[in-house]
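Dear colleague,

Please find the structure below, handed over for your use. My notes on what was found in it follow directly after.

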There are 2 protein chains.
Amino acid sequence: MRYLDENAIKNIAVGAAVLGTGGGGDPYIGELMALQAIKEHGPVKMLEVDEVPDDALVVPIGMMGAPTVLFEKAPGENEAKNAFQLMEEHLGREIFATMPIEIGGVNSLLPVAIAARLGLPIINVDGMGRAFPELQMVTFYLDGISNSPLVIADERGNTSILQTIDNHWSERIARNITVQMGGSSTVAQYSMSGKQVKNSGVAKSLTFAEGIGKIIRKSKQNPIQEVLSFTSGYSLFEGKVIDIDRKTSTGFARGIATIEGMNEDKGKTLSLHFQNEFLLATENDKPVCITPDLICLLDNETGQPITTEGLRYGVRCTVIGIACNEKWRTEKGIETVGPRYFGYDLEYIPIEIITSEEVI
Amino acid sequence: MRYLDENAIKNIAVGAAVLGTGGGGDPYIGELMALQAIKEHGPVKMLEVDEVPDDALVVPIGMMGAPTVLFEKAPGENEAKNAFQLMEEHLGREIFATMPIEIGGVNSLLPVAIAARLGLPIINVDGMGRAFPELQMVTFYLDGISNSPLVIADERGNTSILQTIDNHWSERIARNITVQMGGSSTVAQYSMSGKQVKNSGVAKSLTFAEGIGKIIRKSKQNPIQEVLSFTSGYSLFEGKVIDIDRKTSTGFARGIATIEGMNEDKGKTLSLHFQNEFLLATENDKPVCITPDLICLLDNETGQPITTEGLRYGVRCTVIGIACNEKWRTEKGIETVGPRYFGYDLEYIPIEIITSEEVI
């Protein structure tokens, strides 16, 4: 157990934006919300999964919607408080702690802000070890945990409690409500026991993000090597963004960014395919990193992560790849978040294997 | 207080399809559901509004969605039972009685079937005195009654409890969920006290429908004159359906039917505009009956009502108009269900006035 203070929050914000693989909303908004909340209520108690009683009620909270919309519609905390209150009333139990559903900009720090405001601890765990665009894309789902009852709330005061027959139905209905709500919403879901969180979560992801953020923030020069070493990651490509083909439809920010190689990669071109998150990197149609492995885009000068909505023409950047949590590499994991689910017609190959093939 | 038996149900089915002004789903399905339910559970107790205690909890129930879809997706009763159970749990109170939200095919008799199966009484009242396509289009809304919490359920077992800031938001979100659920859903909403039902409902609409149905069913010849006399209605046009321009989009069955005049109306053409219900009848672009007044289409030979999804080329029919309940003729009533709300650019003129102008 420890407390998350201002410095920890700033580190997590940067690191979570790296692990967020371009998705999860603007990290600056999540950071501001969490900083404001601890300024008013003091540092937030963070528990390790082992410190959570087996029968405690844990409810993750996060934003749903397209990041490009999140950026314009600052997520308030009232809807999160509404959602938690409604969840407690509906379950007839008090919430013991909250946690992020994913590690991404807004969604790793929104729960910290809510925890501060409601006097709840936050747990050092999440359901992805990265960010993904759909509700059923969490390690809890792989273990058969339902995301019902799901509480969805908007900033106007509209709420809905979904109870569905499977997590794909929740995704489908909640996504549609989110579009109606103006493109983003706040969602409390995957109510779990402490034991379920322990067994099915990705532990220590907040402090993993914190470690990455610390490296980037303290660095005076390009910290990418140090990030690669801390995360056991792979440097995939270095270049300049020369094209961004973007469209926001049915609640997602989709597109392809094209990066023209520099230095060692001069003369080559990398395509970065995204749907809220970066999901596939290809060089001349040959995949170099494939979802669920993490594709992160870092600014060459500062090492700062670049989100899909922060992509700008001319940015000089390095694409790095990080192996995903092993839970994703099961058959059900690949079915849930592998390339075919997102419409990319290719087999998942772990980044270690792609990289070693390249060397040969 | 009296009991609704097989004969009463058959009469209500026919009469409600007349008052349903073409909407509310296939009356045959509602009739079958109610007949099956009373066969298994015995006749249903029907209360007059005066017999309902002021503080009793009354919850109307109905189907939402496009009638063309309802026809293919027989509404089960399990989702209605789910919805009621969820509503009781959510409100922490037992439901005293149910009632139809509107008088239309499925929606006047679904509550009778549910009442039989759950051992609840049904109240001789509804919220429209006809059928309308949107959730906020009820006389309760005109008196400021909220339709939250709204419980929506599908036949798979998916449910959602909406709590919104106004009834338009409920309509918007529930309509979208309905589309996701495959085009139709079961909705419990407008939970009210007995006193609210008394003050804000359209009383005696089930027995009004029963009276119309009785005339049509017992008649051996064209019963339209007798229906006009019973309802104080107006005969507007007699002819043959020569064109139906139909499209089902965003959960509604929209279109225009064209009727070529016969007998006294020979040489004239009537256009019937519908959006689930018949909303506007025009002769050479001159309105002859305008929502919220009722436009009903009756088969010339049998007097049987024709629904929007039952419209067929070549059918010989009579269009009749009936004055709507006076609650609809207020400023808020016309704003809510008048022609402009449905996108028809004209003023509402009560049918009595249009008809008297025609005579002059």
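**Findings: domains, chain contacts and backbone**

Across the interface of domain 1 of chain A and domain 2 of chain A, zero salt bridges are found, a salt bridge being a side-chain nitrogen of Lys or Arg within 4 Å of a carboxyl oxygen of Asp or Glu. The same interface has 10 residue pairs in polar contact, both residues at pLDDT 80 or more. A polar contact is a pair of N or O atoms within 3.5 Å; within protein, one must be able to donate a hydrogen and the other to accept it, and residues adjacent in sequence count only if both atoms are side-chain atoms.

This is a predicted model, in which local features need pLDDT of at least 70 and side-chain atom pairs count only at pLDDT 80 or more, while totals for chains, interfaces and linings use all residues. Residues are numbered from 1 along each chain as its sequence is written, chains are lettered from A and ligands numbered from 1 in the order in which they are written, and side-chain values use heavy atoms, with hydrogens and water left out.

**The two domains of chain A**

Chain A is assigned domain 1 (2–205) and domain 2 (222–359); such bounds come from an automatic or database domain assignment. The C-alpha centres of these two domains of chain A are 25 Å apart. Contact, meaning heavy atoms within 4.5 Å, involves 40 residues of domain 1 of chain A and 34 residues of domain 2 of chain A. Between them the two domains of chain A bury about 2,800 Å², with 67% of it on carbon and sulfur atoms. Buried area here is the accessible area (1.4 Å probe) that two parts lose on being put together, summed over both.

On the side of domain 1 of chain A that touches domain 2 of chain A, at least two residues each are supplied by α1 (6–19), α3 (67–72), α6 (139–142), α7 (167–180) and α8 (194–200) of chain A. Helices (H or I, at least four residues) and strands (E, at least two) are DSSP runs, numbered from the N terminus.

**Chain A and chain B**

How many residues of chain A are in contact with chain B? There are 19 residues of chain A in contact with 19 residues of chain B. The two chains bury about 1,800 Å² between them, 54% of it on carbon and sulfur atoms. In chain A, the residues that lose the most area to chain B are A:N158, A:W169 and A:Q180, together 29% of what that side buries.

Between chain A and chain B the count is zero salt bridges, and 10 residue pairs are in polar contact, both at pLDDT 80 or more. Both β8 (159–163) and α7 of chain A supply at least two residues each of the side that touches chain B, and α7(A) gives the largest share, six residues.

A rotation of 180 degrees with 0.1 Å of shift along its axis superposes chain A on chain B, with an RMSD of 0.0 Å; the two copies are thus related as by a two-fold rotation axis. Copies are superposed by least squares on the C-alpha atoms of residues with pLDDT of at least 70 in both. A:I161 comes closest to the rotation axis of the residues of chain A, at 2.4 Å (C-alpha).

**Backbone details**

A cis peptide bond joins A:T291 and A:P292, with omega about 10 degrees. A:P292 is in the loop between β16 (286–290) and β17 (294–299) of chain A.

Yours sincerely
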